[in-house]
Amino acid sequence: MASVDLVGLTVLALLSEKERHPYEMQTLIRQRRKDYAAGSPRSLYRAVERLERAGMIEKAETARAGNRPERTVYRITPEGFESLQDRLGELVSVPLPEHPAFTAAVGLLARLPAEVAGAALRTRTVLLEGQIAEMEAQRTGLERDLHRLLLLELEYLLELRRAELAWVRRLADDIATGALAWDADAVRADPDLLIRSRKEGPAMS
């Protein structure tokens, strides 16, 4: 799958609802907590230009309100709507390999002393608890004004954070209790140890 232009995809999604001008789209992105697309207005305007060049959207009208600058209203084209459905369908149906920084850090965790790794994990649990509380408060506030369909992203992220918190807590506890044997020194001295241990299994002395 080619790299995904999330800002452009969001523009198509918003224009599939109704005709809009870029400033209105920027406002909705903030209101609906589409943080992945809430960068600078310039990135949104660039996405609009790309989509227009590609024939995915087109100008519907240019209007002026009072002394304000002219605003161009855009609408999605049939080609844009078809592309939106294709891209969204593929993104939902096909799990992509994603490697956030935490995943990489977990893969290298054995390079830390057990007490350092444990302390870092405990700090992460506190921060995750704070993030979860904030997201729950956001959802409670947004539920009063927005349909659940517009909050599925936040709902999904909350579930991911809760699952991550549970796993981080278990890992920190396993390190603290010794349930996870911490052979970081041995691994640093002999990086092939983990590979051999996996092959030899329980018979290894």
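**Close-up views of a predicted model**

**View 1. Helix 1 against helix 4.** Helix 1 and helix 4 pack with their axes 10 Å apart and at an angle of about 120 degrees. Helix 1 is therefore oblique to helix 4 (angles under 35 degrees count as roughly parallel, over 145 as roughly antiparallel, 65 to 115 as roughly perpendicular and the rest as oblique). Axes are lines fitted to C-alpha atoms, for helices over the stretch in contact, and angles run from 0 to 180 degrees between N-to-C directions. The crossing of these two helices is left-handed, a term used if the near helix is turned anticlockwise from the far one by less than a right angle. On helix 1, L9, L12, A13 and S16 meet G80, F81, L84, R87, L88 and L91 of helix 4. Helices (H or I, at least four residues) and strands (E, at least two) are DSSP runs, numbered from the N terminus.

This is a predicted model, in which local features need pLDDT of at least 70, side-chain atom pairs count only at pLDDT 80 or more, and totals for chains, interfaces and linings use all residues. Residues are numbered from 1 along each chain as its sequence is written, and side-chain values use heavy atoms, with hydrogens and water left out.

**View 2. Helix 1 against helix 2.** The axes of helix 1 and helix 2 are 11 Å apart, and the two helices pack at an angle of about 100 degrees. That makes helix 1 roughly perpendicular to helix 2. T10, V11, L14 and L15 of helix 1 make the contact with M25, L28 and I29 of helix 2.

**View 3. The largest nonpolar core.** This core has 19 residues, and V11, L12, L15, M25 and I57 have the most contacts inside it. A nonpolar core is a set of buried Ala, Val, Leu, Ile, Met, Phe, Trp, Tyr and Cys residues joined through side-chain atoms within 4.5 Å. Helix 1 (6-17), helix 2 (22-31), helix 3 (41-53) and strand 2 each supply at least two residues; the largest share, six residues, comes from helix 1.

**View 4. T77 in its loop.** T77 lies in the loop between strand 2 (71-76) and helix 4 (78-93). Is T77 buried or exposed? T77 is buried, because its relative accessible area is 6% (buried means under 20%, exposed over 50%, partly exposed in between, with a 1.4 Å probe and protein chains only). A polar atom of the T77 side chain lies 2.7 Å from the backbone oxygen of G55.

Technical notes
A polar contact is a pair of N or O atoms within 3.5 Å; within protein, one must be able to donate a hydrogen and the other to accept it, and residues adjacent in sequence count only if both atoms are side-chain atoms. Contact means heavy atoms within 4.5 Å.
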